[in-house]
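Notebook open, viewer open. I want to go through a few local features one by one and jot down what turns up.

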Amino acid sequence: MSENIIGYLKENGEIVDTQSSGDPCENCREIPLDNSPEALEILRHSTAHLMAQAIRELYPDAQFFVGPVVDEGFYYDFRTSEKIGEEDLKKIEKKMKELVKKKLPIERYEISKAEAAEKFKNDDLKQAVLKNIPSETVSIYRQGDFEDLCRGPHVPNTRFLHNFKLTRVAGAYLGGDENAEMLTRIYGIAFADKEALKAWQKMMEEAKRRDHRKLGTEMELFMFNDEAGAGLPFWMPKGARLRSKLEQILWRSHRRRGYEPVRGPEILKADMWRTSGHYACYGENMYLTEIDGQEYGLKPMNCIGHILIFKNSTKSYRDLPLKYFEYGVVHRHEKSGVLHGLLRVREFTQDDAHIFCTPEQIKPVVLEVVEFVDAVMKKFGFDYTMEISTKPDKAIGDDEVWEIATRALKEALDENALDYGIDEGGGAFYGPKIDVKITDAIGRKWQCGTIQVDFNLPERFDVEYVAEDNTRKRPVMIHRAILGSFERFIAILTEHYAGEFPFFLAPTQVIFVPITDEHTPYARELADRLSVEEIDSEIYDRNDSLNKRIRMAEKQKVPYVVIVGDEEIKSRTVAIRDRRKKEQYNLSSDEFMLQLINELKEGKI
């Protein structure tokens, strides 16, 4: 075995380490020390244990819960009598580096669950971990004098773990239960080489500069108020203008593609959610209340409303595919620890649509939606990938129905040579789906749109149409969102553009700066002309110096700052500072109007 081999990839996709597999691993592919997804999973899992070992040496009373690999690296949840803050991360990193230099072997051994319970009898966190392990045999990994319950995989020696960074300290409820004890959680990241770590650090610095929470505050787009409730965004005037522009662009695009607008209530009787399966499969994420002695639930999704609208009148095969869309406000009970600006909130608005069609129409409908997705993503400058998510553990419907729906998605993409990945078990509880994952300007991936094929809800709600032979048949229901939600997509757009939105989307598109009060009437005249064309502008005529007002205008990241003075009034021109072109030039007021009207058309999808 080569010195830099840290694990193996089995034919079934399982990753195992050199301690688990034996040497050699039959029918396995070697995993070298690199930045492949398989290698990073091993590296980051091992670095989590390295961090735990360092914490134990620095804080001897520390007890550990779980330390998994996650999308953003790894973390460990633990308890200690001392308060640990961001300022302690450097100290922990230093201790980790000392342990790396010791080149400690990492060993795996197995014992019975009963033996493990006895071994860790004085550690209630380990007992909690053991309760969640179904097997009667458990594995333990040991390095130096530190050992912990773990299924692995891990590198064979700490000498592989040079390139890491601890990123932040957070609180985490034991087992994710908000009524349980709060543990300390430390997040970190690890790579195979220094170059990858430096590239990641550079991206993090850029991400910090682009953080939508910071820009949203500076640009007065949105706000949160703890007294009003966590995860509930308020849209300020500029943010509401931005959102409205995005809504209007999508509205026109839907109508051109034959979608009909509908609107459902935000609260329904709980029996509706029982019929749909949401109550059983999604109830912990719902807000429930009682009205007139009956239980009601705020909608976490829009599908039931669209089903009831479809059922309100008899539909023929000639009506299919029938496309309903709604900017539907939904509420989901997200845990407070995962709330994050506009990216994770408790109230949000989906650009939701449901398409009722025949089984034979699934492929063309899916491809039409994919075309819509492609047009939207290209408009905003996103690259994207697609992933088909299959039946999860918690699901409704027969396996046969799931297989038909999943095959339909795969065939639609295969027959049109569209690339996709597979996310086993990642489907919605009522059907398989295509998830759209976009890549932003600094290389980060975000999950946004989704296309879901559903045979189950039409069955549960007895949805029918009259077929060509005059019999009644069951339609297929395709759930579809392009953006995902306006909140999340605007957060991503803000960071993607670093607040410098394209003209057709910018909340303020032009700022006029009159040199003196005498020039303000001309600025107002121009602003009024823009208003007629639905172009948003502001006039900076406050009692500050000209240079200060220009600086303030440019900080708002607007596409155009326009200076007006005697010469501009006399010649009916404008002096323009073009942010995107980084140029200054003069145009007649009519030429400027025509330029802006043409730029508005760029927002068409």
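First thing I looked up: is Ala 498 buried or exposed? Ala 498 is buried, at a relative accessible area of 7%; buried means under 20% relative accessible area, exposed over 50% and partly exposed in between, with a 1.4 Å probe and protein chains only.

Before going on, a note on ground rules. This is a predicted model, where local features need pLDDT of at least 70 and side-chain atom pairs count only at pLDDT 80 or more, while totals for chains, interfaces and linings use all residues. Residues are numbered from 1 along each chain as its sequence is written, and side-chain values use heavy atoms, leaving out hydrogens and water.

**Positive phi**

I checked the backbone of Ala 498 too: phi is near 55 degrees, a positive value in a residue other than glycine. Ala 498 sits in the loop between α15 and β27 (510-514); helices (H or I, at least four residues) and strands (E, at least two) are DSSP runs, numbered from the N terminus.

Glu 534 also has a positive phi without being glycine, near 60 degrees. I found Glu 534 in the loop between α16 (520-532) and β28 (537-539). Glu 534 is exposed, with a relative accessible area of 60%.

**Cis peptides**

I have two entries here. The bond from Gly 152 to Pro 153 is cis, omega near 5 degrees, and Pro 153 belongs to the loop between β9 (146-149) and β10. Leu 320 and Pro 321 are also joined by a cis peptide bond, with omega about 0 degrees; Pro 321 is in the loop between α11 (303-311) and β18 (322-331).

**Helix α6**

How far apart are the end C-alpha atoms of α6? They are 24 Å apart, which agrees with the 24 Å that the 17 residues (194-210) should span at 1.5 Å a residue; the expected span is 1.5 Å times one less than the number of residues.

I then listed the buried residues of α6: Ala 196, Leu 197, Trp 200, Ala 207 and Arg 210. Looking down the axis, I see these buried residues within an arc of 135 degrees, so they line one face of the helix; the arc is that of the directions from the helix axis to the C-beta atoms. They pack against β10 (163-173), β11 (182-191), α7 (212-218) and α15 (486-496), where contact means heavy atoms within 4.5 Å.

On the other side of α6, the exposed residues are Lys 194, Glu 195, Lys 198, Lys 202, Glu 205 and Lys 208.
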